[in-house]
Amino acid sequence: MSQDPPQTPEPSFELKRPKPMTARYPADEPPRRLAPPPPRKVVVLGALSAMAAATARLYAADKGRLILVARHEGRLQALADDLRARGAAQVEIETLDLAVEAASAAQRMRAWSETLGGLDHVLVFHGYLGDQAAASSDAAELARIIDVNFTSAALWCEAAAGVFRTQGRGALVAVSSVAGDRGRQSNYAYGAAKGGLALFVQGLAHSLAASNARAVALKPGFVDTPMTEGLKKGGPLWAKPEAIAEAVRRAAERGGPIQYAPGFWRWIMLAIRSAPAFVFHRTRL
Ligand SMILES: NC(=O)c1ccc[n+]([C@@H]2O[C@H](COP(=O)([O-])OP(=O)(O)OC[C@H]3O[C@@H](n4cnc5c(N)ncnc54)[C@H](OP(=O)(O)O)[C@@H]3O)[C@@H](O)[C@H]2O)c1
């Protein structure tokens, strides 16, 4: 009896019907959002600067507790009222000159920490562009540019780090500048002070690395604020203080010790730093 050879199944070319997509995020469900940052306890130095006020408004909207430090009591009061109306849980003001009082920075920072019950973020905004032409012949103007932008800023940064070391946490953001990336004829005193501040903060970040604390030097490009009045503004290189405020707020939560704002300035400054002197010296930058 002959046996039929075993039947091999015909290959099937029928396309499998795809499984119906089960929507993971159905359209009628609200989109998922990142959790808002928790309310922060913040010291804002140079709080009346346009960038600082814009940043303080972001913290106020998150129900933060703030200490505002600047030189004009009336304007500080007005800013504090505005921040309370925007949701800040607590706003204290301190009227002082941050250059004159820098020697007492450590003691004041500890007192502010006690007032707020610890510090989450310390933000250093105060700065002085100065007049390079005058500074070249006027030692007082040169000393002022270096003192406000470097010496006093460094002392306040170190004071913040002192509190963070004790707490084992905290974040410092100090506003430096892209002007600190290469010395230029138009503002080398200011640029040197801001560049020095960035190096100082970078070192501070290194010294804090073993703890849960951080330090960031934020380098804005051109920003439309009172400091730049008199310059021709507009165009894609100019940012509003609100945009820098967002960058400061982000930098206080995460990221490395040197951050550019807006971020594209990293690449512009890379090109400017890389230009050979024989090319650079032909410009009037
Ligand atoms: N605008 C830009 O294009 C740009 C670019 C890069 C970096 N930055 C830096 O960004 C920061 C914020 O500046 P801004 O653009 O927002 O300009 P701004 O509105 O002119 O702010 C500068 C602030 O620094 C304060 N200040 C100066 N010396 C002080 C002192 N000894 N004690 C206390 N406060 C003092 C000024 O207070 P008074 O009102 O009392 O003088 C002013 O509120 C500065 O560090 C600046 O160097 C600015």
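Which residues does Ala-56 touch, leaving aside residues up to four places away in sequence? They are Val-44, Ala-47, Leu-66, Leu-68, Leu-79 and Leu-83. Keep in mind that this is a predicted model.

Several of those names come back when you look at the largest nonpolar core, which has 78 residues. Val-44, Ala-47, Ala-56, Leu-68 and Cys-157 are the ones with the most contacts inside that core. Helix α5 gives the core its largest share, twelve residues. As a rule, nonpolar side chains in soluble globular proteins tend to be buried together.

Now zoom out to the whole chain. It has nine helices and nine strands, and 38% of its 285 residues count as buried. If you take the contacts between residues at least 6 apart in sequence, 69% of them join residues at least 24 apart.

Next, the sheet. Seven strands form an open sheet with parallel pairing, and reading across gives β3-β2-β1-β4-β5-β6-β9. The edges are β3 (90–95) and β9 (258–261), each pairing on one side only. From one strand to the next, the twist averages 15°. At the β9 end, strand β6 (residues 212–220) runs parallel to β9 and is joined to it by four bridges; here Ala-217 stands opposite Ile-258 in β9. Helix α5 (residues 139–167) packs on the sheet, where it touches β1 (41–45), β4 (121–124), β5 (169–175) and β6. The direction of α5 makes about 170° with that of β5.

Not counting residues up to four places away in sequence, Thr-95 touches Arg-71, Glu-73 and Leu-76. Gln-77 is 18 residues from Thr-95 in sequence, and their C-alpha atoms are 9.9 Å apart.

Last stop, the ligand. Of the 26 residues around it, Ser-49, Leu-98, Gly-127, Thr-225 and Met-227 come nearest. The elements that give two or more residues to this shell are α1 (50–61) and β7 (222–223). What kinds of residues make up the shell around the ligand? They divide into 16 nonpolar, eight polar and two charged.

Terms used
Residues numbered from 1 in each chain as written. Predicted model: local features only at pLDDT ≥ 70, side-chain atom pairs only at ≥ 80, totals over all residues. Near = placed C-beta within 6 Å. Nonpolar A, V, L, I, M, F, W, Y, C, P; charged D, E, K, R; others polar. Pairing = 2+ DSSP bridges. Axes fitted to C-alpha atoms, helices over the stretch in contact; angles between N-to-C directions. Contact = placed C-beta atoms within 7 Å. Core = buried A, V, L, I, M, F, W, Y, C linked by C-beta atoms within 7 Å. Buried ≥ 20, exposed ≤ 12 C-beta atoms within 10 Å, placed from the backbone.
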